[in-house]
Amino acid sequence: MRRTVIAAAAAFAALAAPAFAQEQEGPRLPQRPEAWRAAAETDLEALRTYLREDTPVAIDTENPRMQRWFARGYREARQRVRRVTDQPSYFYALAPYANGFQDPHLSLSPVVPLSVARWPGFIATARGDDTIVAYSEGEGVPVQGARIVSCDGKTLARLRERTVFPFTMNPQLARDRRAAHTRLFLDRGNPYAPAPSRCVFERNGERTRFTLNWRDVPGDDYWARYNIATNGPGAEFGVTTPAQGITWIGVPTFDNSAGEQLRALVNEITADAETIRAGRAVIIDVRGNGGGNSEWGAEIARAVWGAEIVSAIPESNPGGATDWRVSQGNLDYINGFAPELIAQFGEQSQIALWARAVQDGFAQTLARGEPMWRQRDLAADTPVPQGGGYTQRRPQGPSPIPAHVYILSNGTCASACLDFADVVLHIPGTQLIGMDTSGDGLLMEVRDQVLPSGLARIVLPLKVYRGRARGALEAYRADVTYDGVWDDLAVRNWAIGVAARQ
């Protein structure tokens, strides 16, 4: 039986531009530099404590790199905290500590939107390895289509390495590498990595130097263009027929908070399953899907292909194990969401059995005073296999249903969405189109914790995989790659064209 995994995708720390642009209620901000510094000092100590007591990172001897970063990252953060005077310096003093673990399920995000958001009059995007001006405000700034050669005497690859990736995102993931081209030209006031000031642009073989004129972003239009320059909007829930014989299924999330929409989607697919399977093509749109509850993905797979086909797929992680970090806070979290899962999926469902087993395992381990609990389907003394390589073992052959099935990714597919990919991309004939998926680290199952000041929120992973067939940050590679702008209409037309050519 395929083990159910429940995990929310980590926050896209300090990058999710639209989220930063929105007005949100939050704590009262400190008014003096010394108050900001005191908040940073207190929150750093709390962050370290949460990482030590509620996640595996500090005690996981099988992941020594994380153990080393737990200590080294803290020392580096203490040095930055000494320079804190305002909100941006507060947030960017702490963010690299969380980001340095380089696991999508461990991240820091501000509770109150950052106060600084400036642009140089243009928005950049990736075109292969190059950085191109995707949108230009007009006179006095580089024109649309110009290639950005260098800034401040450094290559853009070097600048991204020094000023973007230490604070946010992960250069090992295709989506983050693409988004970093755009992020380099958004100033959030980070004093530890100042924005570029003077750049060289190339257009039609001619090179021009510009001194960048940073100014406040112009509002919602900016964020919409920024989003398209990175990876574009997410999918929309629903089942539609955009062309004769082609079914489009939008699945923007597997999160339990969208349970009603997911249940309606499953029911809609199930009701028309015979026609969908007999059609020309099915496009399952997972743009923006960062995960949630893997059981929703399993239900959608069964609705599209049928339970018999899905159940015939070999277990993706046979013999693996899960080590949970046991603490009272984590047990409280488990006890809080278990009744919701049981109510959603039924008293005798597999996910209900799983939830009760986790509750019991946590409670017993906590009573013994032990920090970790190992969950296994096999006997405890059975060796855990070597993990990795599962994305390279996709089966060949024709689809078991008449319709050709495509999974449309914009690089965000992670966590429970990757569990869904582990199922559907191992059904013969299924193709991944658009962009490579994201990749999960070995950490999983998250809960949020607001730091004492109320100014930032840490996403804490509760468990670590052992012997997982899909290795750390291992992604599925796209069978057909999209190389245009990630405008919704353009992407839809492209995907329909791919399906129509089969």
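I started with strand S17 (residues 404-409) and strand S18 (residues 431-434), which pair in the parallel sense over four bridges. Strands here are DSSP E runs of at least two residues, helices are H or I runs of at least four, and both are numbered from the N terminus; two strands pair if DSSP finds at least two bridges between them. I found Gln 431 in S18 as the bridge partner of Tyr 406.

This is a predicted model, where local features need pLDDT of at least 70, side-chain atom pairs count only at pLDDT 80 or more, and totals for chains, interfaces and linings use all residues. Residues are numbered from 1 along each chain as its sequence is written, and side-chain values use heavy atoms, with hydrogens and water left out.

Next I followed the chain: S17, helix H14 (residues 416-424) and S18 make a right-handed β-α-β unit (with the strands pointing away from the viewer, the path from the first strand over the helix to the second runs clockwise).

On to S21, which pairs with S18 in the parallel sense over two bridges. There, Val 480 is the bridge partner of Ile 433.

Which order do the six strands of the open sheet have? I read S11-S12-S13-S17-S18-S21, with mixed pairing. Strand S11 (238-243) and strand S21 (480-481) are the edge strands, each pairing on one side only.

Last, I checked strand S12 (residues 246-250) against strand S13 (residues 281-285): they pair in the parallel sense over five bridges. Ile 246 has Ala 281 in S13 as its bridge partner.
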